[in-house]
Amino acid sequence: MYGLGILKGLSVTLKHFVNTYVDDIKWGFAKRYTPEALLVRQSAEARGVFTVQYPEEVLLPQERFRFVPFLVYEGTDEDRQYRCTACGICAKACPPQCIWIVRAKDPETGKPLRRPAEFYVDIDICMNCGSCAEYCPFDAIQMDHDFELADHDRETAHIHDLQRLGKPVEYYAKIRPTYYAAEQEAKAAKAARAAKAKAARRKDK
Amino acid sequence: MNEQVAESEGVQLDAAVGSVEQASQALREAFPGKVRPDEREGYEGVIVDADALVDAALFLRDQLGFRYLSSVTGVDYANDGLLESVYHAYGAESGALVFKVQVGCGNPEIPSLVSVWPSANFQERESYDMYGIRYAGHPNLQRILTWEGFAGHPMRKDWREPYYEEEHKPFKTRHPDGGVFRAEDRNPFGRNVQYSPGFDPAKWEDIAQSAVYDGLMREVKEEGLQTETITVNVGPQHPSTHGVLRVVVVLDGETVVDLMPVLGYLHRNHEKIGERCTFPQIIPYTDRLDYICSMSNGLGYVLAVEKLIGIQPPERAEYIRVIMAELTRIVNHLMAIGFLWNDVGAYFTPVIYAFNERELILDLFEMVSGSRMMCNYMRVGGVFEDLPAGWMEKARALVYDRLPRFVDEFHRLLSENEIWRSRSMGVGILPAEQAVAMGASGPLLRASGVPYDIRRVEPYSIYDRFDFDVVVRHNADVYDRFLVRMEEMRQSLRILRQAMNQIPAGPVQTGKKNWTMKVPAGEAYHRIEAPKGELGFYLVSDGGSNPWRYHVRSTSMINLTPLAEMCRGHKIADVVVILGSIDITLGEVDR
Ligand code: SF4
Ligand code: SF4
């Protein structure tokens, strides 16, 4: 019969239509965007409406999600101890070359120090590739989860300087818990090894 | 109506006589003194004298069965004062026969091979545009990616972009003395264009445009109403051209008399950028070619580099790569079918259903790579990182349960729809012979009855370990291309299930990952069966850390070659449907 194919197709559409309401009722209209609900709604079990009403409702990024980089510092906001040693590997590895680093110099001797005096990332050029974080030997530069960078003034605001790039290590631990845990574990293991070696040396004496 | 996939033999590309070795031997014997082996270290194939090129090509095609010309491109060996045109031809089951023609930089002219292999058409134009090699006898030798007033040939080694800093990255100014500048200050709008010497924009007449219009066929009617044809520009800003593609169409009433795609609106000189980068730095740029399939682009590129270096990734990485590539194929076909339906006017219902499933796959991509579309996941000798905890469970739930059900549902929704059938059946016919001659690949080729799938004829990575069918259909119309894609999703799911069952534990990287590496001198061409068709990467290394030549054999661009052929005689409304059935991404067409 002519038109049967169309009717068959429409039955699929009808099913989807009904499903959206079933799903709404299941979650209770207000609770569809709780983190627990999103966990199911972003999985193979998802039924019903897929869209979210951004910016009121925001999907959570995955742990590995990457957006323009930030520099990890230890200590407080007033006394920032950047992990960065100004080795320059990230600036070299960056495919569009949007990282600029000025290495700090000892004011008296003029010898280069292992920290940056200035650090810039041009986020207009940054392609969010993650190479800088991938190749940094000190886990000092990391990719961020904060993607809401819209701005009124791109002339001045889109070159991030050291102040703007710096974020505390607690933030890093929060957005990348597995990576942070692995890092801490490796550090602890290294410290334990060093302690053991020290003890052994003392025994030798 | 038989809905089953025809698994028959179909029209075959002629079997090549013997191996590539024998073929090149035969070629040398047939043209003594004109064809000699390429003896440079790390190079393959033969060098043909320019005056014997057309005869040699005919001999290759007709006597030796190399009926498919995959890639044509130029290389600038500036140090030797030579320009080279490189060709990769394939038979039904053979590897590539590589042949080259060398000419001096001063007056580079090479006979055109469009008469032998029409698939050379766009590619020779590209090579002319980028290198200034003139292909004598080409029916329409004009710039293709840049515009006619463009100064110089951008892929020549002595050509410099307006924002030029240094020959190779990394640039010295970045560290340790910073010196930050805004790119726009150094290269302000208006001055980021180079004009040819003596060029005055105010007095300029766009001859190229009129040439486009004049070059198209027009019918002179002897009988009936003496109607005039009209010329219509579809695009570059048109919702159904899938991006910034412009198609100049000559119409007689509503019927297409002739048409021509005009490319280059999204051209960004990807290959030059690539040649400035170190080998691994190119990987994130490949994501931006066909931005729907970034995983397969990356795969194609790293396979080419690995071929050049001669390394293998570990087992686990191989499996992960296949899993990602096949998931990408599903994403691509979902989108291709969805947008094809948009083009026929089923406004957004199918495409949104398809997007639901795509979202779930993109979630998986985001989990492993950190990005949904610009994955940057493949690495030379491995992949970025191992699968995170919980990934496999999520992926299994999709591949074993949800996606198979969805594909069935999609079938129910679409395949039998009478309106769709009347819009697509018998529309945009591309006979097998022409498909092969014009270099069509992927679902476009297989829907024309040619069972040619690189995963099967020249298995790369570990595709030889999986059971899957090469999907072929024989009506060569829009509807069959749609069905081929539908069925390929099922086959991808089949491969995915096998790969997920077999994947071993272990490392995912051979050697140490680094942002730069020395690559031995030589050349390599690697092609993969990307979702849209044959995606090839041609690399030449001079032994340094940056490629001397980096070329992308763009599936989408070459698949546009038969567009005019398919559209002639159809209505203007069918043009968008036929274009949709080719499935192009402008990021890859224009590069
Ligand atoms: S961020 Fe890391 S790679 Fe970059 S300069 Fe600092 S320590 Fe070196
Ligand atoms: S994310 Fe990529 S482009 Fe951006 S700063 Fe890091 S290396 Fe450069």
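Author: Around ligand 1 there are 13 residues, counted as near if one of their heavy atoms lies within 4 Å of the molecule, and the closest are Cys84(A), Cys87(A), Gly88(A), Cys90(A) and Cys136(A). By class, this shell holds 11 nonpolar, two polar and no charged residues, where Ala, Val, Leu, Ile, Met, Phe, Trp, Tyr, Cys and Pro count as nonpolar, Asp, Glu, Lys and Arg as charged, and the others, Gly among them, as polar. Ligand 2 has 14 residues around it, of which Cys94(A), Cys126(A), Cys129(A), Gly130(A) and Cys132(A) come nearest; the shell of ligand 2 divides into 11 nonpolar, three polar and no charged residues.

This is a predicted model, in which local features need a pLDDT of at least 70 and side-chain atom pairs count only at pLDDT 80 or more, while totals for chains, interfaces and linings use all residues; side-chain values use heavy atoms, with hydrogens and water left out. Residues are numbered from 1 along each chain as its sequence is written, and chains are lettered from A and ligands numbered from 1 in the order in which they are written.

The predictor gives the complex an ipTM of 0.88 and a pTM of 0.88. In chain B the pLDDT, the predictor's confidence in each residue from 0 to 100, averages 85, and 94% of the residues score at least 70. Over residues 1-17 of chain B, however, the pLDDT is below 50, although this stretch has 50 contacts in the model beyond near neighbours in sequence, a contact meaning heavy atoms within 4.5 Å. Where pLDDT is low, the predicted coordinates should not be read in detail.

Chain A also contains an open sheet of three strands in the order β3-β4-β6, with antiparallel pairing; strands here are DSSP runs of E with at least two residues, and helices runs of H or I with at least four, numbered from the N terminus, and two strands pair if DSSP finds at least two bridges between them. The edge strands are β3 (99-105) and β6 (159-160) of chain A, each pairing on one side only. Six bridges join β3(A) to β4(A), residues 112-122, and Arg103(A) has Pro116(A) as its bridge partner in β4(A).

Where chain A meets chain B, the contact takes 52 residues from chain A and 56 residues from chain B. The area buried between them, that is, the accessible area (1.4 Å probe) lost on being put together, summed over both, is about 4700 Å², of which carbon and sulfur atoms give 52%. On the side of chain B, Arg174(B), His175(B) and Glu418(B) lose the most area to chain A, together 15% of what that side buries.

Phe50(A) lies in the loop between α2 (35-41) and β1 (67-75) of chain A. Leaving aside neighbours within four places in sequence, Phe50(A) is in contact with Arg41(A) and, from chain B, with Asn356(B), Glu359(B), Leu360(B) and Arg402(B). Phe50(A) is partly exposed, with a relative accessible area of 21%, on a scale where buried means under 20%, exposed over 50% and partly exposed in between (1.4 Å probe, protein chains only).

In chain B, nine of the nine residues of strand β13 (residues 522-530) are buried, so β13(B) is largely enclosed by the rest of the structure. Nine bridges join β13(B) to the antiparallel strand β14 (residues 533-541) of chain B, a hairpin connects β13(B) to β14(B) through two residues, and His526(B) stands opposite Phe537(B) in β14(B).

Conventions: Buried area = accessible area lost by both parts, 1.4 Å probe.
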